[in-house]
Amino acid sequence: MSLRVAVVGAGPAGIYASDLLLRNAEHDIHVDLFEQMPAPFGLIRYGVAPDHPRIKGIVKSLHRVLDKDNLRLIANVTVGRDITIDELRDYYDAVILSTGAVRDRELLIPNGDKSIGAGEFVGFYDGNPRFERDWNLEAKEVAVIGVGNVALDISRVLAKTGDELAVTEIPDNVYESLKKNQAETVHMFGRRGPAQAKFTPKELREMDLSDTIQVLVDPEDIDYDAASEEVRRADKSIDLNCQVLEQYAMREPDDAPHKIHIHFFEEPVEVLVDEAGNTTGIRTERQELDGNGGIKGTGKFTDWPVQQVYHAVGYRSEPVEDVPFDLERHVIPNDGGRVLASAEEGAAPEDKLYVTGWIKRGPVGLIGNTKSDAKETTDMLLADADAGKLAAPSHTGIDDILGLLRERGIDYATWAGWYKLDEAERALGEADEKFPRERKKIVEWEDMLSHSRADD
């Protein structure tokens, strides 16, 4: 059986789904991979801290998928604006949505709107063209709400010097902001205990590798009840986290110019502001373990003087035009792969629409979860194809979709264009006399497109 599939979103979720489809030996499958940005790789390019090259190495495996003959990248195209979902149904046998989650969940405490979402800061320092170019880093004391890997990333970036990060792929505008960074003290806050933190051990250990940073934990925050101890025994990663945190709690402050304090059992309850609306601090309520792995408030409040607050309390997906969306969970309703007409129980599946990745299950889990998501979704799609449930598209030519985009004047980018953009970024990195490195990102949208657009 021959199938043509549109995959919307060229991050890890979309690329893994494309790879699984192309590996299927029982069908002749062609995949068109649509991407809103002029460049592929999604979260790996624009959501991973620049000083984590090990994680960015995932790009190499994703790159091999995009090199495959039956996969075509069609970037700089926004589905819902440049082309509709119904039109994709007309041009393809099936459509997989993998648009991810890039926006921040709100911080729902008094003056929470004065806090900056972690995703905004990540978008800035990763050179995402949809985010700010300059960043105010005048605050000497900063709060970060959250005890997951994203909170670790932004805390570490805030504590590092601009020159330390200049050897990474950050563009010039990011370096210019970071070298003016005044942060000396970063406070991370988690409302539960060490056994409930969402770090991964390697990332937690890497917090302390810079000579300019010391990570500190209050010994009083190292506390476990029976339920916490059970969690620790059952999960090696959690146990390793606890061991690292215990080591941080045993040390005395040294002369490192930047300190990161990780606070547990402190629940942020209010961002403090002055009469002019400027941030002056954050108020937390001390929590204690309830004996069952949960927590309860003690009524003891502490005001921490900070001049800037970030919150890393989770990302959220955005709706795709003309696709059902669960506004409570910020996901596309689905039965494990097929898009459903609504989030209500018993809702019928939408014709030819499938979903994978964070917009399917929410922004949780690691790369392994993304791969299993993709397999579940592609297995459903292929089962529906074998059962004759996919209506044939009205446009059967493989290049018909490109003709439609050209008719509409859509300046789309291609995989060949990525090679040219990649070459240009590597040349910029090599040519930097002060900080030569593997690449320097091109950050302006039109500059990216000037390299990656389709050749006429």
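The model is predicted: local features need pLDDT of at least 70, side-chain atom pairs count only at pLDDT 80 or more, and totals for chains, interfaces and linings use all residues. Residues are numbered from 1 along each chain as its sequence is written, and side-chain values use heavy atoms, without hydrogens and water.

**Sheet**
- Six strands form an open sheet in the order β6-β14-β7-β8-β10-β9, with parallel pairing.
- β6 (116-117) and β9 (213-217) are the edge strands; each has a single partner strand, so one side of each lacks a neighbour in the sheet.
- Strands pair if DSSP finds at least two bridges between them.
- Helices (H or I, at least four residues) and strands (E, at least two) are DSSP runs, numbered from the N terminus.

**β9 and its surroundings**
- β9 runs parallel to β10 (residues 258-263), joined by five bridges.
- Gln214 sits opposite Lys259 in β10.
- Helix α12 (residues 236-250) lies across β9 and β10, at about 100 degrees to β9. Axes are lines fitted to C-alpha atoms, for helices over the stretch in contact (heavy atoms within 4.5 Å). Angles run from 0 to 180 degrees between N-to-C directions.

**Nonpolar cores**
- A nonpolar core is a set of buried Ala, Val, Leu, Ile, Met, Phe, Trp, Tyr and Cys residues joined through side-chain atoms within 4.5 Å. Buried means under 20% relative accessible area (1.4 Å probe, protein chains only).
- The largest core has 50 residues; Phe121, Met188, Phe199 and Ile262 touch the most other members.
- α7 gives this core its largest share, six residues.
- Phe121 touches Trp135, Leu137, Ile154, Val157, Leu158 and Tyr310, not counting residues up to four places away in sequence.
- Another core, of 40 residues, lies apart and includes Leu33, Met37, Leu421 and Ala424.
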